[in-house]
Amino acid sequence: MTTLKSKLQEDLNAAIKERDELRSSTLRLTLAAITKEEVAGKEKRELSDDEVLKVIAKEAKKRREAAEAFAQGGRAEQAEREKAEGEVLADYLPKQLSDEELNAIVAQAVEEAKAAGAEGPKAMGAVMKIVNPKVAGQAEGGRVAAAVKKLLAG
């Protein structure tokens, strides 16, 4: 078992012992998603910590989107629960980059792309190829794309 997955398992056991319903249900769903990912495909395999992180990030994103949907639908109680579940999962994700840090990385990538001969909005793909490995797991793809578009347009 990977170290991150075993930490999730240990935290789940602790949450069950503490009778923390929110934390235990969130971790159960996350572990189920990890197991589902492990058995997807032709044969069962064990996920690396990076792959487990991607699954956790995907689950956290689901919680954020669900919270927004519930809030728009006038179901504040459900929205609050989804937000709380997202916060539980955020504890396991790497710290997200601030807007300033993200903009600095994107600006540097835009300079690299321009040096390579890519300019204007068409350079977005080239810039994203440079930025994505640098910010992997530390910034959501949508945020990165928005920052790249803003800098390329400006």
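Predicted model: local features only at pLDDT ≥ 70, side-chain atom pairs only at ≥ 80, totals over all residues.

Reader: Which residues have the most contacts inside the largest nonpolar core?

Author: Start with the general idea. In soluble globular proteins, nonpolar side chains tend to be buried together. Now this case. The largest nonpolar core has 19 residues, and L102, V127, V131, V135, V144 and V148 have the most contacts inside it.

Reader: Which helices each supply at least two residues of this core?

Author: They are helix 5 (99-115), helix 6 (124-135) and helix 7 (141-153). Helix 5 gives the most, with 6 residues. There is also a second, separate core of 15 residues, which includes L12, I56, A60 and L93.

Reader: How do I describe two packed helices?

Author: Two packed helices are described by the angle between their axes and the distance between the axes. Take helix 5 and helix 7. Their axes are 10 Å apart, and the packing angle is about 55°. That angle makes helix 5 oblique to helix 7. Their crossing is right-handed.

Reader: Which residues make that contact?

Author: Helix 5 uses D99, L102, N103, V106, A107 and V110. Helix 7 uses R143, V144, A147, V148, K150, L151 and L152. Sort the contact of helix 5 with helix 7 by class, and you get 9 nonpolar, 1 polar and 3 charged residues.

Reader: At what angle do the axes of helix 2 and helix 3 cross?

Author: The axes of helix 2 (residues 21-39) and helix 3 (residues 49-72) cross at roughly 130° and come within 10 Å. Helix 2 is therefore oblique to helix 3. The crossing of helix 2 and helix 3 is right-handed.

Reader: Which residues meet in helix 2 and helix 3?

Author: From helix 2 come T26, L29, T30, A33, I34 and E37. From helix 3 come V52, V55, I56, K58, E59 and R63. By class, the contact of helix 2 with helix 3 has 6 nonpolar, 2 polar and 4 charged residues.

Reader: Look at E59. Why does E59 count as buried?

Author: Buried means under 20% relative accessible area. E59 has 7% relative accessibility, so E59 counts as buried. This residue lies in helix 3. Beyond its neighbours within four places in sequence, E59 is in contact with L29, A33 and L89.

Conventions. Residues numbered from 1 in each chain as written. Heavy atoms only, no water. Core = buried A, V, L, I, M, F, W, Y, C linked by side-chain atoms within 4.5 Å. Buried < 20%, exposed > 50% of the residue type's maximum accessible area, 1.4 Å probe, protein only. Helix = DSSP H or I, 4+ residues; strand = E, 2+ residues; numbered from the N terminus. Axes fitted to C-alpha atoms, helices over the stretch in contact; angles between N-to-C directions. Parallel < 35°, antiparallel > 145°, perpendicular 65-115°, else oblique. Left-handed = near helix turned anticlockwise from the far one by under 90°. Contact = heavy atoms within 4.5 Å. Nonpolar A, V, L, I, M, F, W, Y, C, P; charged D, E, K, R; others polar.
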